[in-house]
Structure formats: structure tokens, C-alpha cells
Amino acid sequence: MAHRPFAIVATSFRKGWGGVTGSAMSAAGMPAGTVTLAAMGSFTVGGRRVEVSGRPERTVTLSPDLPPYVVDVNGTYQADHAYVQYFLPARPRGLPLVLVHGGGLTGSCWESTPDGRSGWAWHFLRAGHPVYVVDNVERGRAGWDALGWGAERAPLSRSAQEAWTVFRIGPPEGFDEARPYPGCLFPVDDLAALSAMTVPRWTTTTGLAIAAIEAVLARVGRCAVIAHSQGGGIAAHAAARSPEHVAALVLIEPHSLPGAGGSDGRAGGPGGRAGGSDGRAGGPGGRAAAPRLIVAGDFIEQSPVYRGLRAEWHGHLGDLAAGGTRADYFSLPAMGHPGNSHAPMMDANSDVVAALVNGWIERATTG
């Protein structure tokens, strides 16, 4: 069925502005930030059926206007899948792009920045890429294990103080005064918006998340993948198992990479075994691994954790390069872009970093 194109316009909302201002008009009479879409929509992919039995019924009041309602949770459920929202430009230029969030986040981290600017999903859509934004297993619109059928009942939640340190926004003692590292580009005044974007996470679903991203790749077909933090390790494992679907892989400060510290992606709870890929040969049949880019921000020297991760990043890229795979490393401060946090897609120069990444994808996939 043919899709009728329609247009969407990026509109900015800013504190202190007297109103809402759109982008400037182009010579064609459309706003310069307009993207014409052939289609947008969503789908779920991957996961499994779960049968729940032996649970007692209970009675609840749904509304004062309704009689008491008997809740019987026993039955069949669909679980451990990914939710994917897609935006397909009417005139695509370049590969489809899959965006994979990190730990404690959802796909919303690619849609808008904490201070309300357009996110990387919009940037890459405007560049002509079909964009697929993932909510992985038990995050966002993928839903979560409310009935406790998994191995881990209690999730982890991230406080604003933890985010301040983990995202390398500032030193721990600077949190109460909102005093970041000098030159930090994270929108500190909107830290509460980052907390609002944060959701519970489980430590036992990694293998399930890898399997879900494999299913996303199979559904989308050959594509480029951009993944952040925990999502970077998840995407790297999925790419190693499905190399035929991945043309390029961009990892934003990843952890738990294939081959790093004995990680093989097997954690994950019931049905979540992901298989042991080492990320070097590329996957089944010896197919070469996709070109790889790791992007690192600033203030790494202030964090022993990230100093250790940086050594793993270099080791991972070195292993790939030794096997003949293109493997690049972008240290943003070394490239003349100081001040980035652990989440450059949220920082004040997010569009600059996105342009660097997009340029690398184009070079890596067109020779």
C-alpha cells in the first residue's frame, strides 16, 4: 500500500521565551526544518509467551461508578519484546538507522534533549535516514514484568545524584550546588528532566535485550546502528550474531562489549541466553564485522570507572582492526569538542556530535 507523504516541523520550546517559534522558511515555502514523511508507525518484535498460573484472584475498585472488579492475573502474556517507533522520510538518503538507548533510559533519550531541543532522531531523519527508535526489553513502551515471572523481582532505580556522577556532569560534591565540571555541556538546569526520563532497570535481562535487538535488525534489514552505554554492549553482541544486517555500528561510551572482561552476553534470565560471540570474526560463517566507531566524551580522567572502560574500548577496537575491520575512535575533546558528558546526544553541542557521527557512517558505508 502506498503511503501518502506528509510533513512534520521541528518546533522549539525554550524557557523565558514569549511564545513558540518555528524554523525559518525555505525558498520552497516550507519551514527549513521540515521533513516530509512517507510513513510513521511502530511495531513490537522478539519476546516470548509467558503462562501465569496459580495466582489468587483479588477484588479492586476501578472507579466509584463501577461495581467491584475481580482481577485474575492467570493466563497468557507476551513478554521480553522490543517496541520500535519508526519514521520513514519520503525521500530517503542513506541507510536506515536504529537507535538503541542505554541503561535506565528509553528511546525518548533520542527524541528530545532534557532542555527541550530536538534530539538525534530528528537530526538523522532530517539528514535523510529512515529512523527506528527502540524501547528495549522492559523499558518504556515495551512494558515490564509487573507480575514477577522473571528471576529478579526488584528493579534498580537511578537517583539524580547517581546520574550526576555516572553521566560525568560534575564531581559528587558539586551536586547540591548544581556545580558541574568546568565547561560541561550537559544542560545542568534541566537535570530534573533527565530524572524524569529515567526508568527502572533490571540486571538480569541483558541476554533478552540482545535477542530483542537481533529481532529488530532482522525486521529492519541492513542498517546502521547507534547505541549508548549499556545499549552499546547489547548492540555489539547482537551485531556479532547478525553481521549480515549491520552495515555500521556506532557505540557511544559502551560497556560489556564482546570479548571484554569475559563478557559473552549470556546473562539474561529465563530464555535470555544470548550465545557466546567474541566480536572479532563478526559472526556465524566468519562474515566480517561491521565498521565500528566508539565515541567518547570529556572528563574521563576524573572517573576511575571510565578510565577502565576506555582501556576496554581501545582493546575492543584493536582486536577488530587486527582482524581487518575498520575500527575508529572519536575522542571528542581531542577533536576540538571539549565538555561532553557521558550522553553527548543530550549535551549543548548534540547536533555537532551527531554531524560527526553521520559523516563517519557515510564514509564507512560508501568506501
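**Close-up views of a predicted model**

**View 1. Trp164, with a relative accessibility of 1%, counts as buried.** Buried here means under 20% relative accessible area and exposed means over 50%, with partly exposed in between (1.4 Å probe, protein chains only). The model is predicted, so that local features need pLDDT of at least 70 and side-chain atom pairs count only at pLDDT 80 or more, whereas totals for chains, interfaces and linings use all residues. Residues are numbered from 1 along each chain as its sequence is written, and side-chain values rest on heavy atoms, with hydrogens and water left out.

**View 2. Six aromatic pairs are present in the structure, and one of them joins Tyr86 to Tyr132 in a tilted arrangement, at 6.1 Å centre to centre and with 40° between the planes.** Because Tyr86 belongs to strand E7 (residues 75–89) and Tyr132 to strand E9 (residues 131–135), the pair ties together parts that are 46 residues apart in sequence. Tyr132 is buried, its relative accessible area being 12%. Trp164 and Phe175 make an edge-to-face aromatic pair, 5.8 Å centre to centre with 85° between the planes. This pair links distant parts of the chain, since Trp164 lies in helix H2 (residues 160–166) and Phe175 in the loop between H2 and helix H3 (191–197), 11 residues apart. Phe175, at 18% relative accessibility, also counts as buried. Rings of Phe, Tyr and Trp (its six-membered ring) pair if their centres lie within 6.5 Å, and planes under 30 degrees apart count as stacked, over 60 as edge-to-face and the rest as tilted. Helices (H or I, at least four residues) and strands (E, at least two) are DSSP runs numbered from the N terminus.

**View 3. Charged side chains sit over two rings, with Arg219 placed over Phe43 and Arg168 over Tyr306.** The charged end of Arg219 is 4.0 Å from the centre of the Phe43 ring, and Phe43 itself forms one aromatic cluster with Tyr86 and Tyr132. Arg168 lies over the face of Tyr306 at 4.3 Å from the ring centre. A charge sits over a ring if NZ of Lys or CZ of Arg is within 6 Å of the ring centre and within 35 degrees of the ring normal.

**View 4. Asp80 and Arg48 form a salt bridge whose closest N and O atoms are 2.4 Å apart.** The two residues link distant parts of the chain, with Asp80 in strand E7 and Arg48 in strand E4 (residues 35–52), 32 residues apart. Asp80 is buried at a relative accessible area of 10%, whereas Arg48, at 26%, is partly exposed. A salt bridge is a side-chain nitrogen of Lys or Arg within 4 Å of a carboxyl oxygen of Asp or Glu, and by this rule the count comes to nine.

**View 5. Arg179 and Glu177 meet through their side chains in a salt bridge of 3.5 Å, N to O.** Arg179 is partly exposed, with a relative accessible area of 38%, while Glu177, at 58%, is exposed. Another salt bridge joins the side chains of Arg310 and Glu301 (2.6 Å, N to O), and in this case Arg310 is partly exposed with a relative accessible area of 24%.
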